[in-house]
Amino acid sequence: SKQINVALIGNPNTGKTSVFNALTGLNQKVGNYPGITVEKKQGICKLNRGVKAHIIDLPGTYSLNASSLDENVVIELLLNKNDKDFPDIAVVVSDVENLKRNLLLFTQIKDLQIPTILVINMADRMKYKGISLDIEHLEVQLNTKIALISTRKNEGIDYLKQLISNYKDISKNACSNVFDIDKDYFNSLQQAFPNQLLYKLWLVITQDVNFGKTDRNEIDAIADFKTKSKADLKRLQQKETIKRYQFINNVLKKGLTIDTSKAKDLRSKLDRVLTHKIWGYVIFFFI
Ligand code: GDP
Ligand code: MG
């Protein structure tokens with residue numbers, strides 16, 4: 001039977017490689033992407049009932065607004081359905097201390113309508129930082145499944161494997177709607193290419209990436225849609241980012257609580273002292 005293609009994607013230093021190692025053990029090989037010196041790590045993860053997952057550890061990226069070769073690798077894979085590595089499921093690896101920033105990338109990948117799950121890694125740091133999460137709320141708002149894990153303590157890996165096995169249950173729907181930032185422009189874009197995903201079109205317009213080798217005519221047609229100046233496109237892109245963060249902030253209002261008074265980390269407590277100056281001096285004597 002066919003292997004399940006899994007792409008591990010996330011900001012740098014969130015623990016992608018640690019998750020990759022936890023899933024694949026010694027069943028891994030390291031090579032390079034053709035023509036560039038970006039490392040390509042792939043491995044096999046054995047799931048239940050003889051099912052296997054083919055895992056790719058992608059280079060760290062903060063967003064799909066690429067500015068480096070490393071990031072291009074991620075976008076080109078996600079835009080190219082013909083690539084043999086095109087993921088059946090994207091696993092966005094985030095770290096619990098930087099959830100807000102990590103979720104920017106998550107919402108972008110969701111908008112490509114690829115089944116995407118969220119791994120929140122470094123759960124072992126939560127107590128230390130006074131962090132608590134409402135996973136159920138986050139799952140509903142982000143329209144996905146979440147695995148809260150710690151690769152350091154080897155916790156949550158089996159559940160993650162279970163989610164990967166059941167990738168067909170993961171929603172393909174986008175979780176946010178960002179395209180009302182310029183209704184006229186995006187409506188006409190969608191009408192010109194009714195069979196293409198709007199966010200994909202937008203990435204092709206704004207990013208200098210390979211759209212998949214088969215769509216040459218379409219690429220030319222899309223080039224006509226760079227009707228806006230580079231500066232205008234940039235502004236619209238910034239609006240998109242702001243819109244995404246508005247959505248994320250809303251989700252995290254109930255989904256994420258940081259209680260520095262419960263943190264075991266002195267630095268967090270001092271941050272609190274510094275940000276709440278009036279009470280800070282009082283509290284300072286009690287910590
Ligand atoms: P990548 O850059 O996303 O591939 O991340 P790595 O797997 O290289 O990990 C980055 C850093 O985070 C390393 O120093 C890891 O030891 C650390 N790390 C990874 N997973 C965990 C975890 O579950 N808990 C803690 N506390 N640290 C972790
Ligand atoms: Mg890595």
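Visitor: What covers the buried residues of H2?

Guide: This is a predicted model, in which local features need pLDDT of at least 70, side-chain atom pairs count only at pLDDT 80 or more, and totals for chains, interfaces and linings use all residues. Residues are numbered from 1 along each chain as its sequence is written, chains are lettered from A and ligands numbered from 1 in the order in which they are written, and side-chain values use heavy atoms, with hydrogens and water left out. Helices (H or I, at least four residues) and strands (E, at least two) are DSSP runs, numbered from the N terminus. The cover over the buried residues of H2 includes strand E1 (4-9), helix H3 (99-111) and helix H8 (198-206).

Visitor: How many residues of helix H2 are buried?

Guide: Buried means under 20% relative accessible area, exposed means over 50%, and partly exposed lies in between (1.4 Å probe, protein chains only). In H2, the buried residues are Glu-71, Asn-72, Val-73, Val-74, Ile-75, Leu-77, Leu-78 and Leu-79. Helix H2 spans residues 69-79 and is largely enclosed by the rest of the structure, because its buried residues number eight of eleven.

Visitor: How many helices and strands does the chain have, and what is its radius of gyration?

Guide: The secondary structure comes to twelve helices and nine strands. The radius of gyration is taken over C-alpha atoms, and the globule rule is 2.2 Å times the number of residues to the power 0.38. For 287 residues, a compact globule would have a value near 19 Å, which agrees with that of the chain, 21 Å.

Visitor: What percentage of contacts in the chain, between residues at least 6 apart in sequence, join residues at least 24 apart?

Guide: A contact means heavy atoms within 4.5 Å. Among contacts between residues at least 6 apart in sequence, the share joining residues at least 24 apart is 69%.

Visitor: Which residues does the UniProt annotation "domain: FeoB-type G" cover?

Guide: UniProt positions are given in the numbering used here, feature names are shortened, and annotations may be inferred rather than shown by experiment. According to the unreviewed entry, the annotation covers residues 3-170.

Visitor: Is Asn-21, which carries the UniProt annotation "binding site", buried, exposed or partly exposed?

Guide: The annotation of Asn-21 comes from an unreviewed entry. Asn-21 has its place in helix H1 (residues 16-24). Its relative accessible area is 35%, so Asn-21 is partly exposed.

Visitor: Is Thr-24 buried or exposed?

Guide: UniProt lists Ala-22, Thr-24 and Gly-25 under "binding site", again in an unreviewed entry. Thr-24 is placed in helix H1 and, not counting residues up to four places away in sequence, touches Gly-43, Ile-44 and Ile-55. With a relative accessibility of 3%, Thr-24 counts as buried.

Visitor: Where does Gly-25 lie?

Guide: At 37% relative accessibility, Gly-25 counts as partly exposed. Its position is the loop between H1 and strand E2 (28-32).

Visitor: Which residues is Ser-150 in contact with, leaving aside its neighbours within four places in sequence?

Guide: Ser-150 is found in the loop between strand E8 (146-148) and helix H6 (157-165). Its relative accessibility is 0%, so Ser-150 counts as buried. Beyond those neighbours, the contacts of Ser-150 are Asn-121, Met-122, Ala-123, Asp-124 and Glu-155.

Visitor: What separates the C-alpha atoms of Lys-40 and Lys-29?

Guide: Lys-40 has its place in strand E3 (residues 39-46) and is buried, with a relative accessible area of 12%. Leaving aside neighbours within four places in sequence, its contacts include Lys-29, Tyr-33 and Asp-85. Lys-40 and Lys-29 are eleven residues apart along the chain, and the separation of their C-alpha atoms is 8.4 Å.

Visitor: What is the phi value of Asn-13?

Guide: Asn-13 is placed in the loop between E1 and H1, and at 70% relative accessibility it counts as exposed. Its phi is positive in a residue other than glycine, with a value near 65 degrees.
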